[in-house]
Amino acid sequence: MNKFPKGFLWGAATASHQVEGGNTNSWSEWEKKNAEKLASEADDKWKDWQLKKFPEMKDPQNYISGKACDFYNRYEQDFDLAKSGGHNAHRLSIEWSRVEPEEGKFDEKEIEHYRNVIRAMKARGMEPMITLWWWTNPLWIENIGAWENKKTKKYFLEYIERIIKEFKDEGVKLWIPGNEPGTYIGMSYVIGEHPPMIRNLWKADKAFKNILSAFDDAYDIIHAHQPDAQVGLSHYARYMLPKTDGLVIKYITKLLDYIKNWRFLETCKKYDFIGIQYYRANSVELKFSKSNIWGPIKEEDDVTDWHSDMDWCVYPEGMYHLLKKTAKYGKDIYISENGIAAVDDKEREKFLKENIFYVQKAMQEGVPIKGYFHWSLLDNFEWDKGFWPRFGLIEIDYKTMERKPRPSFYVYKEIIENNGIKE
Ligand code: BGC
């Protein structure tokens, strides 16, 4: 049997705002303003079984990131755990609001902090994959209209240049300018559930263009300072199937699949690798519904009966189909995120085995897959949902900050030791 190639990266991912704690940025301020409202909306938003399973949904405190996982102070302990689980890589992000809390004023202490974080990974034989922006903006950026304002691109590139100059000799090969820009635009400017909570397609388009052009320029800046760097995209992909057999719905599904999954990769001009982030599969049908974003097009979580605690439909085979399609871009591919919200850890064990099985199948058929990063190393702050979704290989007790590797942590360790799934 073909195992994964030598040097394959096995690890997990975390994002600064979701784990660090103590951040002051566009999200921390939004959380304070919206926690009460989010708690009061829980009854309407979630199903009965979810409300019963996660009563904390109704507690405003659930929606305040606060100390999060205190990863800012405990990253060494967390990297020790990751290493003990066999991880030879880790993906994380640098928090712009810490490094440049005021326009043009870089905080040397925070730069040193991230230097230490990078060195801590390297010291444990873990290859860093560093993301430079993960949806949170410094307040001074949010106050000028964030990505709607052209100036944000200029400021972002100044921040990137500073970081890359600081860290170009630290041995980081894999850089990602920003996480899932499509999700950011969708959630912040189309659906309007994330800050700045705007619902305006014109503004969405403007912000998206600014982000994409900033990422293209970031590619050049990173390469100018570190020619051997690999600069990639992290891209959310959702597997989509027509619900019925009709020609019209098949065509609509194809179109939606193109708009949501592939247009982004065709619009971005410069990247060395593609990071695929896969969680969910949807069927597509023609039906009016309150929750529709695209007129009469309804997307449903009913491709399989397997659902996460967030009620997302889990369909590991979708990973295989998405990877096969991604191969046509001719770039190295990483699974930069893949995970499940599940308090029942048996679900995560099954999820890991089945998803990695399909990654392996795609690899055996020639798709150039170079690494797999599970989402997530730790339970963490799931944005507007708060703390109740549990994505971690490691459980966090948020009262004591105790870390407890779940059984799935060891299942993943075994997969890593075996360098793949035993067939
Ligand atoms: C995001 C993460 C998020 C995860 C689970 C991904 O799209 O990059 O920040 O926590 O999905 O919802």
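A polar contact is a pair of N or O atoms within 3.5 Å. The legends below describe close-up views of a predicted model.

View 1. A polar side-chain atom of E180 lies 2.7 Å from an oxygen atom of the ligand, and in the side chain of Q18 an N or O atom is found 2.8 Å from a ligand oxygen atom. The protein covers 96% of the 310 Å² of accessible area that the ligand has on its own.

**View 2. The shell of residues around the ligand.** There are 14 residues around the ligand, and those that come nearest are Q18, N179, E180, E337 and E382. When the shell is sorted by class, eight of its residues are nonpolar, three are polar and three are charged.

**View 3. Helices α4 and α6 meet.** Helix α4 spans residues 71-84 and helix α6 spans residues 108-123, and their axes come within 10 Å and cross at roughly 5°. Angles under 35 degrees count as roughly parallel, and α4 and α6 are therefore roughly parallel to each other. On the α4 side the residues in contact are Y72, Y75, E76 and F79, while α6 contributes E110, H113, N116, V117, A120 and M121. By class, this contact of α4 with α6 is made up of six nonpolar, two polar and two charged residues.

View 4. Residue A68 is found in the loop between α3 (48-53) and α4. The phi angle of A68 is near 45°, which is a positive value in a residue other than glycine.

**View 5. Two cis peptide bonds, at P195-P196 and at W375-S376.** P195 and P196 are joined by a cis peptide bond with an omega of about 5°, and P196 is placed in the loop between α9 (181-190) and α10 (201-225). A cis peptide bond also joins W375 and S376, where omega is about 10°, and S376 has its place in the loop between β9 (369-375) and β10 (394-397).

Methods: Residues numbered from 1 in each chain as written. Predicted model: local features only at pLDDT ≥ 70, side-chain atom pairs only at ≥ 80, totals over all residues. Heavy atoms only, no water. Axes fitted to C-alpha atoms, helices over the stretch in contact; angles between N-to-C directions. Helix = DSSP H or I, 4+ residues; strand = E, 2+ residues; numbered from the N terminus. Parallel < 35°, antiparallel > 145°, perpendicular 65-115°, else oblique. Contact = heavy atoms within 4.5 Å. Nonpolar A, V, L, I, M, F, W, Y, C, P; charged D, E, K, R; others polar. Near = heavy atom within 4 Å. Polar contact = N/O pair within 3.5 Å; in protein donor to acceptor, adjacent residues only side chain to side chain. Areas by Shrake-Rupley, 256 points an atom, 1.4 Å probe, with all protein chains shown as cover.
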